[in-house]
Amino acid sequence: MTLSKKCDSCNNVYNSKVSSKTIKCDKCKKEHFFFNSKNLIFERCSFCNCKEFYKRKDFNQKLGCLFVLIGSLLLPFTYGISLVFVLIIDMIFYKYVDEVIVCYKCKMEFRGFKKISKSIKLFDHHTAELYDKYWFIWI
């Protein structure tokens, strides 16, 4: 199992194995925390102490958008067949790509779980809005 988080100080994304007790940013060494293995039951986040998590597929969203864009650009030349191929590719990726558990507040990602608890739901926009640290900009 691995943990991934974007450092608040230098914006570097750092990864760490769950076996290590102290997790630090590789680049600036400023952001660090002590990992508690009891938190793997996902009652609270090890970094920010948040209680809410969501799950998503561990797939690069930019690459997925690129597939759709290519399929859309080829649409007039293939009479719609390109979108069928994009759909088939998407279904294959959806079936074989693992899921990631993400904390709503600090966006820490927990990878490498084969079985995820049913209590962890898919992404919810309302819950994410409650934890968004830039919510006051929209007022």
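Three elements, β5 (53-57), α1 (61-73) and α3 (81-96), each supply at least two residues of the lining of the second largest pocket. The names come from DSSP runs numbered from the N terminus: helices are H or I runs of at least four residues, and strands are E runs of at least two. A pocket here is found on a 1 Å grid over the protein atoms alone, as an open set of points where a 1.4 Å probe fits, with protein on both sides within 12 Å along at least five of seven lines; lining residues have an atom within 4 Å of a point. This is a predicted model, where local features need pLDDT of at least 70 and side-chain atom pairs count only at pLDDT 80 or more, while totals for chains, interfaces and linings use all residues. Residues are numbered from 1 along each chain as its sequence is written, and side-chain values use heavy atoms, with hydrogens and water left out.

Let's stay with this pocket. Its lining has 13 residues, and K57, F59, Q61, G64 and D90 lie nearest its centre. With five residues, α1 gives the most to the lining. Eight of the lining residues are nonpolar, two are polar and three are charged. In this grouping, Ala, Val, Leu, Ile, Met, Phe, Trp, Tyr, Cys and Pro are nonpolar, Asp, Glu, Lys and Arg are charged, and the others, Gly among them, are polar.

Now step back to the whole chain. You can find four helices and eight strands in it, and from the N terminus on they run β-β-β-β-β-α-α-α-β-β-β-α. Of the 139 residues, 29% are buried, where buried means under 20% relative accessible area, exposed over 50%, and partly exposed in between (1.4 Å probe, protein chains only).

What about the cysteines? The whole structure has zero disulfides, a disulfide being a pair of cysteine sulfur atoms within 2.5 Å. For C45, the nearest cysteine sulfur is that of C106, 3.6 Å away, and C45 is in no disulfide. C45 counts as buried because its relative accessibility is 2%, whereas C65 is exposed, with a relative accessible area of 55%.

Finally, look at K107, in the loop between β6 (99-103) and β7 (109-111). Is K107 buried, exposed or partly exposed? K107 has 43% relative accessibility, so it counts as partly exposed. Leaving aside residues up to four places away in sequence, K107 touches S4 and V102, with contact meaning heavy atoms within 4.5 Å. K107 and Y54 are 53 residues apart in sequence, and 9.8 Å apart in space, C-alpha to C-alpha.
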